[in-house]
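Dear colleague,

I am handing over the structure below, and after it I set out what was found. Please read the notes alongside the coordinates.

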Amino acid sequence: MQKPNVYVVSDSIGETAELVVKAALIQFNNGGYKLQRIPYVDDEGTIMEVIELAKENNAMIAYTIVKEHLRQYIKAKTEEANIIAIDIMGPLIDGMTEHFGKVPILEPGIVHKLDENYFKRIEAIEFAVKYDDGRDPRGIIRADIVLIGVSRTSKTPLSQFLANKKYKVANVPIVPEVEPPEELFKVDRKKCVALTIDPETLNHIRKERLIALGLNEQASYAKLDRIKTELDYFNKLVERLGCTVIDVSNKAVEETANVIQSLFK
C-alpha cells in the first residue's frame, strides 16, 4: 500500500512548515507517511507544477508562503484540483495584521536571517574569548576591531560587549617589558583602537583590584610611578601605530563601546 504523501511547500527553506507538519503527523502514529519538502517556491508556474505532482501522487499540501497573491493563488488552484491544502502561516499573519493594525513586511526567509544574526553573534563571542588578552596574536589580523591598552582599561568587557554586536574583537595588553606582537604593526590602523586612561584613575582601579584579590594594594602594579611608566610606553606605541585613541577614564563600558561602534559604522 502506498504511503500517504504530504508536500511541504515554502517560499523560503521550508523548515518551519516541515516542523509543524511533523508535529501533526506524530498524532497519526499508526502508519508511515512520506514527507517531501519543496523550498523556494516564489512563482505561479512552480505552484502549478507542485499541484500537478500532488494530483499524480494523491498528496496533500501544507504551505508557508508570505506573499498574499501567491497564497491566494495556491488556495484557488488547489481547490480547483480538489487537493487538500493547509495554509500554515497565512491565517496567523492575517490575524496579526488585524490585531496590530500594521502591514506585515511579507518578506520570505526573515526567520533565517535572524538565525544568521544569532550565529554571527555567537561566532563573535567565541572569537573574543579565544583572542582575549593577547593569547593568540593571529587573531589580530582576523579581527574587525583590535583593542590595545595597559592593564585594567576594560579591554575584555569591551571585547565582549562589542562581540554581542557581532564585531570580532581581539585585545592586546601593552606592557613595557613585553614586545608587542608583530601582527599589531601589520593590521590596518583603522581597525586599531587605543584605550588610554588618566594615571590617578588607573591607580585607584588597580588598588581596588588588588584589594578584591586579597593582595597588598602597595604592590608595584598599583604604584603611580609604575602606571606613568606604562602609559608613557603605551603613548609612544600608539604614536607609532597611528590608531584612534579613546580616553576611558570617566566612561562606562557601554559609553566606550558606543563611541567605538560609531567609528566603525
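**Helix packing**

In H2, the residues Glu-44, Ile-47, Met-48 and Ile-51 meet Leu-70, Tyr-73, Ile-74, Lys-77 and Thr-78 of H3. Sorted by class, this contact of H2 with H3 has six nonpolar, one polar and two charged residues. Please bear in mind throughout that this is a predicted model. Helix H2 covers residues 44-56 and helix H3 covers residues 68-80, and the two pack at an angle of about 30°, with their axes 10 Å apart. Since angles under 35 degrees count as roughly parallel, H2 is therefore roughly parallel to H3. The crossing in which H2 passes H3 is right-handed.

The other helix pair to look at is H7 and H10, which pack at an angle of about 60°, again with a stated distance of 10 Å between their axes. H7 and H10 are therefore oblique to each other, and their crossing is right-handed. On the H7 side the contact is made by Pro-157, Leu-158, Phe-161 and Leu-162, while H10 contributes Val-253, Glu-254, Thr-256, Ala-257, Ile-260 and Gln-261. By class, the contact of H7 with H10 has seven nonpolar, two polar and one charged residues.

As background, nonpolar side chains in soluble globular proteins tend to be buried together. Here the largest nonpolar core has 35 residues, of which Ile-145, Val-146, Leu-147, Ile-148, Leu-184 and Ile-260 touch the most other members. At least two residues of this core come from each of strand S5 (145-149), helix H7 (155-163), strand S6 (169-173), strand S7 (192-196), helix H9 (224-241) and helix H10 (253-264). The largest share, six residues, is supplied by H9.

Ile-145, one of the core members that touch the most others, is in contact with Leu-162, Tyr-167, Lys-168, Val-169, Ala-170, Lys-191, Val-193, Ile-260 and Phe-264, if residues up to four places away in sequence are not counted. Two of these partners, Leu-162 and Ile-260, also take part in the contact between H7 and H10 described above.

**Residues to check individually**

Which residues other than glycine have a positive phi? One is Asn-82, with phi near 60°, and another is Ser-154, with phi near 70°. Asn-82 lies in the loop between H3 and strand S4 (85-87), and with a relative accessible area of 71% it is exposed. Ser-154 lies in the loop between S5 and H7, and at 31% relative accessibility it counts as partly exposed.

Met-60, which is in strand S3 (residues 59-64), also counts as partly exposed, at 29% relative accessibility. Met-60 and Phe-119, by contrast, are 59 residues apart in sequence and 35 Å apart in space, taken from C-alpha to C-alpha.

With best regards

Note on methods:
Residues are numbered from 1 along each chain as its sequence is written. This is a predicted model: local features need pLDDT of at least 70, side-chain atom pairs count only at pLDDT 80 or more; totals for chains, interfaces and linings use all residues. Side-chain values use heavy atoms; hydrogens and water are left out. A nonpolar core is a set of buried Ala, Val, Leu, Ile, Met, Phe, Trp, Tyr and Cys residues joined through side-chain atoms within 4.5 Å. Buried means under 20% relative accessible area, exposed over 50%, partly exposed in between (1.4 Å probe, protein chains only). Helices (H or I, at least four residues) and strands (E, at least two) are DSSP runs, numbered from the N terminus. Contact means heavy atoms within 4.5 Å. Axes are lines fitted to C-alpha atoms, for helices over the stretch in contact, and angles run from 0 to 180 degrees between N-to-C directions. Angles under 35 degrees count as roughly parallel, over 145 as roughly antiparallel, 65 to 115 as roughly perpendicular and the rest as oblique. A crossing is left-handed if the near helix is turned anticlockwise from the far one by less than a right angle, and right-handed if clockwise. Ala, Val, Leu, Ile, Met, Phe, Trp, Tyr, Cys and Pro count as nonpolar, Asp, Glu, Lys and Arg as charged, and the others, Gly among them, as polar.
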